[in-house]
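This report is meant for someone meeting the structure for the first time. Please look over the sequence and the model below before reading on.

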Amino acid sequence: MVKPAEPIPVIALTGYLGAGKTSLLNHVLRTPGARIGVVINDFGDINVDASMVTGQVDEPASIAGGCICCLPDDGELDVALAKLADPKLRLDAIIVEASGVAEPVSIARMIGFSGIEGIRDGGVVDVIDAANHFDTVDRGDSPPARYGAATLVVVNKLDQVPEQDRPALLERVKTRVRERNPRVHVVGTTGGRIDPELLYDVASAQDETGQLSFRDLFIDPPASDTHDDHVHAASVTVTGAGTVDPVRLVELLEDPPAGVYRLKGTVGVRQRSKPRSYLINAVGSSVHVAAGSSRPTENSLVAIGMELDTDAVRDRLTTALQPFDGPVSAAALRRLQRYQRSTA
């Protein structure tokens with residue numbers, strides 16, 4: 001049986017000029033085994049940022065001539081995404097690095113409503129400058145609208161803030177962001193060094209199939225990439241058999257355990273008299289469900305996030321995967337399938 005193809009997550013990387021977007025992107029591209037497509041937007045006729053990015057598949061798909069959210073239409077972005085969604089590239093993720101003047105709300109909408117088959121919304125990562133954010137971006141009485149679109153806020157350049165002031169700064173950012181978006185995740189770092197598993201599935205280091213030639217550039221990581229200042233994610237995996245209750249599953253997806261940023265897996269749900277498998281991906285408040293095989297095998301759910309209470313997370317996942325052989329109402333199926341993107 002052929003395993004259903006996972007849709008490729010498209011991750012919007014936003015942030016004001018100088019916040020450290022390109023540093024974060026280059027850090028993510030150093031991941032062993034990663035196959036990442038990159039779309040770079042730059043304000044102006046020359047894509048200066050494209051020359052600063054290392055490790056992309058072939059050449060980056062670049063969009064010039066202005067802010068990505070101010071293009072005459074969405075066509076240029078769709079063309080770039082279609083190019084990178086080609087199954088032959090076998091990408092793990094596509095990252096859209098937006099101009100510093102681009103609005104995360106508009107970019108998220110463009111990606112979410114893209115008609116390209118084989119991709120899904122992978123969330124919005126908004127990078128902010130720890131030292132200057134409250135002097136340049138968040139200066140008003142109300143939190144900026146950009147917070148509402150973010151799924152992950154990366155407070156970068158913490159090394160430019162006195163160590164004793166960092167906890168208070170992070171808490172201030174969290175408070176302001178969550179006024180707009182209670183589900184957003186906030187992490188602090190330096191040099192954009194976050195765990196790539198927060199963004200996409202990282203290939204096993206033992207799986208060298210299809211390695212890109214640029215991998216050799218990063219055999220010796222930069223001296224600044226030490227273990228201590230790399231933000232690490234945690235994960236919890238639970239498996240099960242049979243079919244599950246779609247109501248319990250949706251409740252998990254819509255209200256994940258504390259600290260969980262991503263949820264993914266394959267689950268079987270009884271549809272009329274036959275079981276049907278579904279591929280599940282959730283990032284923050286963005287949920288994506290895709291129909292899988294008509295012959296589901298083992299159910300599996302994986303939760304990925306920061307500072308997880310692993311026992312509590314495992315209990316929630318186990319509850320969602322409890323075998324359910326009772327009748328499934330049409331309303332329950334519709335509740336699950338409303339997250340299923342039509343490819344017609």
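How many of the nine residues of helix α1 are buried? In this predicted model, eight of the nine are buried, and helix α1, which spans residues 21–29, is therefore mostly covered under the cut-off of 20% relative accessible area. The buried residues are K21, T22, L24, L25, N26, H27, V28 and L29. These residues pack against five strands, namely β1 (8–15), β2 (36–41), β4 (93–97), β5 (119–129) and β6.

## The protein as a whole

The protein has 344 residues, and buried residues make up 50% of them. Nine helices and 12 strands are assigned in the protein. Among contacts between residues at least 6 apart in sequence, 77% join residues that are at least 24 apart.

The confidence of the prediction should be kept in mind while reading. The pLDDT averages 81 over the protein, and 78% of the residues score at least 70. Over residues 205–228, however, the pLDDT is below 50, although this stretch has 25 contacts in the model beyond near neighbours in sequence.

## Strand β4

Strand β4, one of the strands that the buried residues of α1 pack against, holds both A93 and E97. A93 has a relative accessibility of 0% and counts as buried, and E97, at 1% relative accessibility, counts as buried too. Leaving aside residues up to four places away in sequence, A93 touches I8, P9, I11, R35, I36, G37 and Y200.

| Residue pair | Separation along the chain | C-alpha distance |
|---|---|---|
| A93 and I11 | 82 residues | 7.5 Å |
| E97 and A12 | 85 residues | 6.3 Å |
| T175 and P143 | 32 residues | 9.6 Å |

## Strands β6 and β7 and the helix between them

Strand β6 (residues 152–156) and strand β7 (residues 185–188) run parallel and are joined by four bridges. Within this pairing, V153 has V186 in β7 as its bridge partner. The chain passes from β6 through helix α6, residues 166–180, to reach β7, and the β-α-β crossover formed in this way is right-handed.

On the way from β6 to α6 the chain runs through a loop, and K157 has its place there. The phi angle of K157 is near 65°, which is a positive value in a residue other than glycine. As background to that value, most residues other than glycine have a negative phi.

## Strand β12 and its two partners

Why is strand β12 described as largely enclosed by the rest of the structure? The reason is that six of the seven residues of this strand, which covers residues 299–305, are buried.

Strand β12 is paired with β8 and also with β9. With strand β8 (residues 234–240) the pairing is antiparallel and is made by seven bridges, while strand β9 (residues 260–271) pairs with β12 in the antiparallel sense over six bridges. The residue V302 of β12 takes part in both pairings, as the bridge partner of T237 and as the bridge partner of K264.

E307 counts as exposed, because its relative accessibility of 77% is over the limit of 50%.

## Rings and charges

How many aromatic pairs does a search of the whole structure find? The search finds zero such pairs. One ring does, however, have a charge placed over it: the charged end of R172 sits over the ring of F134, at 3.6 Å from the centre of that ring.

Note on methods: Residues are numbered from 1 along each chain as its sequence is written. This is a predicted model: local features need pLDDT of at least 70, side-chain atom pairs count only at pLDDT 80 or more; totals for chains, interfaces and linings use all residues. Side-chain values use heavy atoms; hydrogens and water are left out. Two strands pair if DSSP finds at least two bridges between them. Helices (H or I, at least four residues) and strands (E, at least two) are DSSP runs, numbered from the N terminus. A crossover is right-handed if, with the strands pointing away from the viewer, the path from the first strand over the helix to the second runs clockwise. Rings of Phe, Tyr and Trp (its six-membered ring) pair if their centres lie within 6.5 Å; planes under 30 degrees apart count as stacked, over 60 as edge-to-face and the rest as tilted. A charge sits over a ring if NZ of Lys or CZ of Arg is within 6 Å of the ring centre and within 35 degrees of the ring normal. pLDDT is the predictor's confidence in each residue, from 0 to 100. Contact means heavy atoms within 4.5 Å. Buried means under 20% relative accessible area, exposed over 50%, partly exposed in between (1.4 Å probe, protein chains only).
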